[in-house]
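This report is written for a reader new to the structure.

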Amino acid sequence: MAAGESFYIATPIFYVNDVPHIGHAYTEVAADVLARWHRQAGDDTWLLTGTDEHGQKILRTAVANDTTPKAWADKLVADAWQPLLKTINISNDDFIRTTEERHEKAVTIFLQKLYDDGFIYSGEYEGYYCVGCEEYKQLDDLMELPSGDYAGRLLCKIHSIPVEVLKEKNYFFRMSDFQQRLLDLYELQPDFIQPESVRNEIIQFVKQGLDDLSISRSSFDWGITIPWDHSHVLYVWFDALLNYITAVGYGTDQENFERRWPAVQLVGKDIARFHAVIWPAMLMAAGLPVPRKVFGHGWLLVGGEKMSKSKLTGIAPSEITDTFGVDAFRYYFMRAISFGQDGSFSWEDLSARYQAELANGFGNLASRVIAMVSRYRQGVIPNPGPFTEADEAIRAAERRVTLDADAAIERLAIHEALASIWTLVDELNGYITIQEPWALSKDPANAERLDTVLFTIVRGLGTLAVLLAPVIPDAAAKLWAAIGGSGAVADQDVRAAYDWTGAPTVTALESPLFPRIEQVETASA
Ligand code: MSP
């Protein structure tokens with residue numbers, strides 16, 4: 001995209017029934033890397049995240065904890081969800097809570113519009129409801145187990161808990177009206193849903209026909225009141241999906257809304273249907289643009305299953321950051337898992353990549369280069385002499401990697417961007433091995449050649465610092481300062497990372513960018 005264009009990216013808003021685990025942090029980091037990249041490219045960037053606080057799941061959790069749902073949500077937001085963003089260094093521009101007045105007001109405007117325009121009617125509904133999913137289920141989504149506590153009962157396949165039979169008078173959204181328009185959207189805008197596997201699944205689902213959607217509940221009151229019938233509250237998903245527009249001014253600040261919307265939306269593949277079917281249908285009914293794209297990323301698996309708190313496989317992000325640091329957390333999940341596919345988490349893999357890629361590959365390169373400039377040139381970055389083919393090859397690699405990484409980010413292939421950037425780390429390490437600056441330093445006749453080699457490797461580090469700032473912001477900032485980069489690394493144009501031309505001096509790093517970790521076993525114990 002061209003610099004200066006609007007880039008609005010949103011994460012799902014998280015249920016506050018429990019504390020975050022690394023699956024939640026994964027979505028946050030991916031969105032943050034993309035936002036930082038676009039910000040650094042000069043795009044008009046906005047990163048939104050937040051919390052989903054209404055509905056039965058939160059209400060029941062609050063009751064079970066002897067408190068009110070609002071007090072429970074306030075506590076979880078303050079003690080767990082806001083701190084998560086600090087723990088993993090998320091640069092969000094806003095944080096929306098669905099209990100905020102700005103949200104509730106705009107939701108009411110949206111609902112009333114759909115009602116006035118005839119997209120909502122009242123009817124009766126009977127069906128199986130899973131409170132874990134906050135969703136009515138079809139028989140296909142359910143299972144029975146032959147033995148155990150729930151033997152003979154119908155269970156949600158995702159949560160393995162019994163579903164409830166609900167029969168209520170509800171208000172319905174005419175979602176079935178939008179089947180063809182949705183199929184047209186998927187066809188005309190083939191990258192609307194990504195990756196391909198999720199797209200195919202959604203198309204299949206919609207082709208089978210869409211039912212109207214029950215959007216209100218009257219058996220409890222923890223939700224946004226239906227404006228024309230105060231005995232009902234809004235279905236939690238209908239409420240939550242609207243956060244993406246209420247947070248940027250829908251119904252309250254038209255100018256800002258037009259500036260930001262539509263967004264790129266990252267969601268776990270388990271909730272892609274809500275985002276790629278219900279959500280665009282709602283927007284179409286209101287005459288609003290649909291999201292720019294909906295990307296359904298894969299799951300972090302533990303023991304082959306989706307990591308989840310309810311199955312006691314949740315790992316708190318701080319368990320990893322306390323040992324490996326925030327940057328390593330961010331790097332690991334973005335590098336080790338192809339964005340869009342499932343990935344198994346293991347301490348061994350994390351530790352091996354930390355050691356090989358961050359400590360030895362990149363961190364050591366940075367320390368060596370800075371140490372050599374200090375030792376051989378008293379910290380002054382020399383002017384280069386004539387360039388050889390080997391020097392030109394590094395120059396070409398800087399340019400190639402910058403362009404490739406930007407193209408990969410455009411496709412949301414964060415892992416490919418990192419793999420590409422790492423080819424520069426490897427090429428620089430290879431270049432140093434071949435050029436042997438330590439050997440050049442022994443003979444004053446080679447002084448000019450040594451200047452060129454030192455210049456080339458410092459410039460390579462400059463390119464790396466700029467390209468890696470969105471992923472490992474702390475290490476990149478330290479490196480940038482150490483090689484004398486001017487201004488903040490986060491302000492350097494990432495699409496021109498290869499253009500860095502060198503600074504006058506280097507300053508020794510106070511500590512390695514990625515120190516060796518001796519006691520990794522303690523983390524996995
Ligand atoms: N509140 C809804 C979203 C509403 S958006 C309008 C919700 N919340 S959630 O807290 O259960 O999940 C939030 C996100 O975390 C989802 O995208 C979900 O896929 C993601 N993850 C939860 N567990 C995960 C893994 N084990 N791995 C990767 N992502 C995971 O759903």
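## Cysteines

Cys133 counts as buried, at 10% relative accessibility; buried means under 20% relative accessible area, exposed over 50%, and partly exposed in between, with a 1.4 Å probe and protein chains only. Cys130 is also buried, with a relative accessible area of 0%.

The structure, a predicted model, holds 0 disulfides, a disulfide being a pair of cysteine sulfur atoms within 2.5 Å. For Cys130, the nearest cysteine sulfur is that of Cys156, 3.7 Å away. For Cys133, the nearest is again the sulfur of Cys156, at 3.8 Å.

## Basis of the values

Residues are numbered from 1 along each chain as its sequence is written, and side-chain values use heavy atoms, leaving out hydrogens and water. Local features need pLDDT of at least 70 and side-chain atom pairs count only at pLDDT 80 or more, while totals for chains, interfaces and linings use all residues.

## Helix α14

Helix α14 covers residues 389-410; helices (H or I, at least four residues) are DSSP runs numbered from the N terminus. Its buried residues include Ile394, Val401 and Ile409.

Just after α14, Leu412 takes a positive phi of about 65°.

## Confidence

The mean pLDDT, the predictor's confidence in each residue from 0 to 100, is 94 for the chain. Over residues 521-525, pLDDT stays under 50. Where pLDDT is low, the predicted coordinates should not be read in detail.

Technical notes: Contact means heavy atoms within 4.5 Å. Helices (H or I, at least four residues) and strands (E, at least two) are DSSP runs, numbered from the N terminus. The expected span of a helix is 1.5 Å times one less than its number of residues.
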